[in-house]
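Thank you for making the time this morning. I would like to walk you through one structure, going from the overall picture to a few single residues, so please keep it in view as I speak.

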Amino acid sequence: MTPEFTLDPPLAAGSVTVSDLSLCQLRLMNDARFPWLLLVPRRDGLRELFDLPAFDQAQVLIDLNRAAAALQAVATPDKLNIGALGNIVPQLHIHLIARFVGDPAWPGPVWGQGSAVAYTEEALQAQLAALRAALEALDA
């Protein structure tokens with residue numbers, strides 16, 4: 001059983017839970033311009049990946065690979081960007097962003113490019129369902 005953890009308020013405010021993976025909570029950013037996931041290890045007080053014990057670091061990579069495969073299956077992007085910045089929100093979290101040639105930020109980074117466009121409730125529920133189904137298919 002993984003102990004409870006506290007999600008940084010900006011991460012909670014800008015995203016919704018998709019699923020709890022082995023170590024990480026998988027979240028969908030509420031920005032319909034980009035299919036964008038966050039992985040947040042369910043451990044308090046982490047800022048850097050190396051703050052985790054080696055076994056947990058390996059588990060993060062396993063969770064990252066599962067999340068990336070699900071996002072690839074759902075969004076079929078031209079490129080999948082993966083990064084852990086933490087310049088604004090210091091809590092350790094990893095971004096997985098599906099990118100497309102011609103998207104609003106292409107070919108640059110998504111940060112600082114316009115304002116987020118929230119999903120409609122219907123589109124949000126459809127995206128969550130698709131991601132959850134893709135995760136389940138990986139386990140089949």
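**Overall layout**

The protein has 3 helices and 5 strands, where helices (H or I, at least four residues) and strands (E, at least two) are DSSP runs numbered from the N terminus. Before going further, please note that this is a predicted model, in which local features need pLDDT of at least 70 and side-chain atom pairs count only at pLDDT 80 or more, while totals for chains, interfaces and linings use all residues. Residues are numbered from 1 along each chain as its sequence is written, and side-chain values use heavy atoms, with hydrogens and water left out.

Read from the N terminus on, the elements run α-β-β-β-α-β-β-α. The radius of gyration of the protein is 14 Å, close to the 14 Å that the globule rule gives for 140 residues, so the protein is as compact as a globular protein of that length; here the radius is taken over C-alpha atoms, and the rule is 2.2 Å times the number of residues to the power 0.38. Along its principal axes, the C-alpha trace spans about 40 × 35 × 25 Å.

Of the 140 residues, 42% are buried, and by buried I mean under 20% relative accessible area, with exposed being over 50% and partly exposed in between (1.4 Å probe, protein chains only). Among the contacts with a separation of 6 or more, 58% are between residues 24 or more positions apart, a contact being heavy atoms within 4.5 Å.

**The cores**

In soluble globular proteins, nonpolar side chains tend to be buried together. A nonpolar core is a set of buried Ala, Val, Leu, Ile, Met, Phe, Trp, Tyr and Cys residues joined through side-chain atoms within 4.5 Å. The largest one in this protein has 28 residues, of which Val18, Leu26, Leu28, Leu37, Leu39, Leu71 and Leu96 touch the most other members. Two or more residues each are given to this core by strand 2 (24-29), strand 3 (36-41), helix 2, strand 5 (94-99) and helix 3 (121-139), and the largest share, 7 residues, comes from helix 2. Apart from this core lies another, of 12 residues, among them Phe5, Leu7, Trp36 and Leu38.

What does Leu37 touch, if we do not count residues up to four places away in sequence? Its partners include Val18, Leu26, Leu28, Ala67, Leu71, Leu96 and Leu131.

**Single residues**

Asp56 is found in helix 2, which covers residues 54-75, and at 10% relative accessibility it counts as buried. Leaving aside residues up to four places away in sequence, Asp56 touches Leu23 and Arg43.

Most residues other than glycine have a negative phi, and most peptide bonds are trans. Thr76, however, has a phi near 40 degrees, a positive value in a residue other than glycine. Thr76 sits in the loop between helix 2 and strand 4 (79-83), and it is exposed, with a relative accessible area of 55%.

Trp106 and Pro107 are joined by a cis peptide bond, with omega about 0 degrees. Trp106 has its place in the loop between strand 5 and helix 3, and Pro107 is found in the loop between strand 5 and helix 3. Is Trp106 buried or partly exposed? With a relative accessible area of 34%, Trp106 is partly exposed, and it touches Lys79, Arg99, Phe100 and Val101, not counting residues up to four places away in sequence.
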